[in-house]
Amino acid sequence: MSKTQRSLFPLMDTIVQDALQDATVSQKDTAKLGPTWTTAAFLSALTWSLGGGLTVASKETFSEFFRRLVMGYNSDFPAPASIGQIGCPYPVEGTVFDLMFDAKQRSFWRPWTEVIKHAECPETTNISTILVPTVESARLEYLLDVCGRAVGGVLVAGEGESGRKVTTQHYLRGLPTAFVDTVTFPVTPAATALPLKSLVLKRLEQRANGRWGAKDGRRLVVLVEDLHLAAEDQHHARPLHEAVREALQQTTWVEEEGTGRRVLEGLTWIGGVSLKLGSQLEPRCQASHVVVATHPLPHTTLSRIFTTQLNIFLRSGGFVPDMFTVVAGIVEGTLAVLRHTQSTTATTTTTTSHQIFNLATAARVIHSVSFLRKEAMDTKRHFVRLWVHEIYREFCDQLMDGSEVQPIFTILVTTIRSNFRDKIHIIFDKLCNEDGSKEKQEHKEENEDEDEKEDGEEEVEEEEEEEEEEEEEEEEDSNYPVPQVSYVPIRLPQQQRRRQTGPSCTHCQQHFHITND
């Protein structure tokens, strides 16, 4: 059975069953609309089974061909006379990947832009947990849910800056814990199949039918992140890939001790792959999943995501309206620094292997700014100071030479001048000059040294004056007659003399210069 056949019909059946079980869908016309629902579900399942893993350009080509084929406009492949015109034609706008099957719609197709139109974000100061709804995130969460329940395996391949990891983690956190259990296994080059099996089997228990599934009859969702990092063994095979494939295709695992097999049920596998690193997966492992490709988000989408998160933070934190004016500058400045560092560090060498600048780096800068509290900030310049500090911490700390930091500093100066309508020497009045140089600080240090030198000279003069006054007082005292006092020596016993004069040991006498005479 081919990969398409293994995923197409289960996916179509899941889509139809979801429509039949949806309480908001009228079931009185089920008999009449059933064939149309089946047709639309078939087209939707076929679209993602065949074209889910295509690139952006290939998806546009596939959409144009598939739309003409379905509508009967392709003369090379005309529709059979027994089928005729389908009852769910595609809209003119967008591609077939921009639509989802919705039984509540009269046209049975709903654009993803309408799906996210009324989505709301929670009001919280912990903005790292907020997923701003986008077309890409809504589509990926839908496919993770539907394809995971239908086929049991989804392979999410991202090209970088697509939000793949954030969306997947948000989907897992949103699953109902009463019915679904989740486990995450991050893959490293040193990871093997045994730790994966041990982690998963700990979450399973033997059921009444003899099979092994999640506890309390729940479904177990296993996220294997960075699946492309799995290393090869001496036979040029990837045991970790084979373990996932064996669980999906054969639904059995060999026990860790012995040769017995455990039959698995109720498991859903989600694999994460980064296409930016150029790694490849075993074809046998790919054949077990529905492949969904995620593409880089445009600049406008990234700007909207970070702007929305910062606005939510400021509203939840009770900041004054004047603070909202710095949000656009912080977001644009952070993305500008990210683009610069990515362009200058595109080539990785042995000395720059630690330099990793991606969307997560920019997100850490934005999220770190949200740690600021209203009570600790007097003006919006404090907000800008913190942002500059986080830029240096996340980006500049990874650079090796001062010449690499200077362009980033120039970007910060330009951003502060153009977006914040301010000057860096005013925001950092104690650190730098208007052009960013440290002349002001150096002059200040020189002045401080001169002041300290003058203070030291004044102290010396005061000490000399005090000494002269003391000498004069001593001379005056010496002019007074000394009273004649008779001194009568008293002879003390030897023991009492030792107690008054100090220790009698030779060492102490030499150290303190003590004698008993």
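Colleague: Where is the place of His 236?

Modeller: His 236 sits in the loop between β7 (219–225) and α8 (239–250), where helices (H or I, at least four residues) and strands (E, at least two) are DSSP runs numbered from the N terminus. Please keep in mind that this is a predicted model, in which local features need pLDDT of at least 70 and side-chain atom pairs count only at pLDDT 80 or more, while totals for chains, interfaces and linings use all residues. Residues are numbered from 1 along each chain as its sequence is written, and side-chain values use heavy atoms, with hydrogens and water left out.

Colleague: Okay, and is His 236 buried or exposed?

Modeller: His 236 counts as exposed, because its relative accessibility is 62%; buried means under 20% relative accessible area, exposed means over 50%, and partly exposed is what lies in between, with a 1.4 Å probe and protein chains only. For background, most residues other than glycine have a negative phi.

Colleague: What about Arg 421, what is its phi?

Modeller: Arg 421, which is not a glycine either, has a positive phi of about 55 degrees. Arg 421 lies in the loop between α14 (402–418) and α15 (424–427), and with a relative accessible area of 68% Arg 421 is exposed.

Colleague: Changing topic: how many salt bridges are there in the whole structure?

Modeller: A search of the whole structure finds 22 salt bridges, each of them a side-chain nitrogen of Lys or Arg within 4 Å of a carboxyl oxygen of Asp or Glu. The general idea is that side chains of opposite charge can pair when their charged atoms come close.

Colleague: Which residue does Glu 123 meet in one of them?

Modeller: The side chain of Glu 123 meets that of Arg 315, at 3.1 Å from N to O. This pair links distant parts of the chain, 192 residues apart, with Glu 123 in the loop between α4 (112–115) and α5 (135–150) and Arg 315 in helix α10. Arg 315 counts as partly exposed, at 46% relative accessibility.

Colleague: And Asp 181, which residue is its partner?

Modeller: Asp 181 forms a salt bridge with Arg 203, and their closest N and O atoms are 3.2 Å apart. Asp 181 lies in strand β4 (residues 180–186) and Arg 203 in the loop between α7 (193–201) and β5 (204–206), so the pair ties together parts that are 22 residues apart in sequence. Asp 181 counts as buried at 14% relative accessibility, whereas Arg 203 counts as partly exposed at 30%.

Colleague: How many residues apart are Arg 393 and Glu 390 in helix α13?

Modeller: Arg 393 and Glu 390 are three residues apart in helix α13 (residues 380–394), which means that about one helical turn separates them. They form a salt bridge too, with the closest N and O atoms 2.5 Å apart. Arg 393 is partly exposed, with a relative accessible area of 35%, while Glu 390 is buried, with 6%. Elsewhere, salt bridges that share partners join Asp 22, Asp 102, Lys 104 and Arg 110 into one network.

Colleague: Now the rings: how many aromatic pairs does the structure hold?

Modeller: The structure holds 11 aromatic pairs. Rings of Phe, Tyr and Trp (its six-membered ring) pair if their centres lie within 6.5 Å, and planes under 30 degrees apart count as stacked, over 60 as edge-to-face and the rest as tilted. Trp 253 and Trp 269 form an edge-to-face pair, 5.8 Å centre to centre with 70 degrees between the planes.

Colleague: Which strands do Trp 253 and Trp 269 lie in?

Modeller: Trp 253 lies in strand β8 (residues 252–254) and Trp 269 in strand β10 (residues 267–274), so the pair ties together parts that are 16 residues apart in sequence. Trp 253 is buried, with a relative accessible area of 1%, and Trp 269 counts as buried at 1% relative accessibility. There is also one aromatic cluster formed by Trp 48, Phe 62, Phe 66, Tyr 90, Phe 97 and Trp 109.

Colleague: Last one: where is Ser 368?

Modeller: Ser 368 is in helix α12 (residues 359–369) and counts as buried, at 9% relative accessibility. The C-alpha atoms of Ser 368 and Trp 387 are separated by 8.3 Å, and these residues are 19 apart along the chain.
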